[in-house]
Structures are given as structure tokens and as C-alpha cells.
Amino acid sequence: MNKFNGEYFNEYYYFNLTEDDNNILLNYSVAETLVESSKQEKTLKLNKNNGKKINGLINKFLKSKKKFSPKFIEFIVLF
């Protein structure tokens, strides 16, 4: 399980999870390099109750060999 307030990345994906009192902030991007990903970073503000779901999804994306679009990631996370 990923810890909050940590950065996670692989070949295509970059995720940064931070938490405050009631929310989780998920910063994410999809790019070929980490330099590109920092320019394309998006942020989602999520309910803290969904922490396990978010961690599971991030792990699945990081283990995947496929490259999904940022819109697809947002759709899956918010669904």
C-alpha cells in the first residue's frame, strides 16, 4: 500500500499523494519523462474515505505496461 505524502512513478506515470484533514490531493501526470510530466501535472481533490481505492488504482497503473491517457486516469479515479 502506498503511503500518503509520497511520490510514485514508473516509465509513464507520476503520482504524488498528499493528505490534509478531510481530503486527499492526487497530483498525477502521464509522459515519457519526469521532466515532461512536471509540465503536464494535474490535480484531483478526493475524499479521504476513498484512500484504499486510490492506493489500489495507483498500484495497478504503476504495474501496467500500457500507457493510459490522463483523462482515462481521471475517469477511473473519480468513478
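Which residues have the most contacts inside the largest nonpolar core?

## Basis of the report

This is a predicted model, in which local features need pLDDT of at least 70 and side-chain atom pairs count only at pLDDT 80 or more, while totals for chains, interfaces and linings use all residues. Residues are numbered from 1 along each chain as its sequence is written, and side-chain values use heavy atoms, with hydrogens and water left out.

## The nonpolar core

The largest nonpolar core has 18 residues, and those with the most contacts inside it are Tyr-13, Phe-15, Leu-26, Ile-73 and Val-77. Two or more residues are given to this core by each of strand 2 (13-19), strand 3 (23-30), strand 4 (42-47), helix 2 (51-63) and helix 3 (70-78), and helix 2 supplies the largest share, five residues. A nonpolar core here is a set of buried Ala, Val, Leu, Ile, Met, Phe, Trp, Tyr and Cys residues joined through side-chain atoms within 4.5 Å. Buried means under 20% relative accessible area, exposed over 50%, and partly exposed in between, with a 1.4 Å probe and protein chains only. Helices (H or I, at least four residues) and strands (E, at least two) are DSSP runs, numbered from the N terminus.

## Leu-26, Leu-44 and Val-77

Leu-26 lies in strand 3 and counts as buried because its relative accessibility is 0%. Not counting residues up to four places away in sequence, Leu-26 touches Phe-15, Asn-16, Leu-17, Lys-42, Thr-43, Leu-44, Leu-46, Ile-58 and Val-77, where contact means heavy atoms within 4.5 Å. Leu-26 and Asn-16 are 10 residues apart in sequence, and their C-alpha atoms are 5.8 Å apart in space.

Leu-44, found in strand 4, is likewise buried, at 9% relative accessibility. Leaving aside neighbours within four places in sequence, Leu-44 is in contact with Ile-24, Leu-25, Leu-26, Tyr-28, Glu-74, Val-77 and Leu-78. Val-77 belongs to helix 3 and, with a relative accessibility of 6%, counts as buried; beyond residues up to four places away in sequence, Val-77 touches Leu-26, Leu-44, Leu-46, Lys-53, Ile-54 and Leu-57.

## Aromatic residues

The structure holds seven aromatic pairs, one of which joins Tyr-13 and Phe-15 in a stacked arrangement, 6.1 Å centre to centre with 25 degrees between the planes. Rings of Phe, Tyr and Trp (its six-membered ring) pair if their centres lie within 6.5 Å, and planes under 30 degrees apart count as stacked, over 60 as edge-to-face and the rest as tilted. Both Tyr-13 and Phe-15 are buried.

One aromatic cluster is formed by Tyr-12, Tyr-13, Phe-15, Phe-61, Phe-68 and Phe-72. The contacts of Tyr-13, not counting residues up to four places away in sequence, are Tyr-8, Ser-29, Val-30, Phe-61, Leu-62, Lys-66, Lys-67, Phe-68 and Ile-73.

Helix 2 has 13 residues and reaches 18 Å from its first C-alpha to its last, close to the 18 Å expected at 1.5 Å a residue, the expected span being 1.5 Å times one less than the number of residues. The buried residues of helix 2 are Gly-51, Ile-54, Asn-55, Leu-57, Ile-58, Phe-61 and Leu-62. Because they cover an arc of only 165 degrees around the axis, they are on the same side of helix 2, with the arc taken over the directions from the helix axis to the C-beta atoms.

What covers these buried residues includes strand 1 (6-9), strand 2, strand 3, strand 4 and helix 3. The face of helix 2 turned away from its buried side carries the exposed residues Lys-52, Lys-60 and Lys-63.

## Salt bridges

A search of the whole structure finds two salt bridges, each defined by a side-chain nitrogen of Lys or Arg within 4 Å of a carboxyl oxygen of Asp or Glu. In one, the side chains of Lys-48 and Glu-19 meet at 3.1 Å, N to O; this pair links distant parts of the chain, with Lys-48 in the loop between strand 4 and helix 2 and Glu-19 in strand 2, 29 residues apart. Lys-48 is partly exposed, with a relative accessible area of 31%, and Glu-19 is partly exposed at 33% relative accessibility.

A salt bridge also joins the side chains of Glu-32 and Lys-67, at 2.7 Å, N to O. Here too the pair links distant parts of the chain, 35 residues apart, with Glu-32 in the loop between strand 3 and helix 1 (34-39) and Lys-67 in the loop between helix 2 and helix 3. Glu-32 counts as partly exposed at 48% relative accessibility, as does Lys-67 at 41%.
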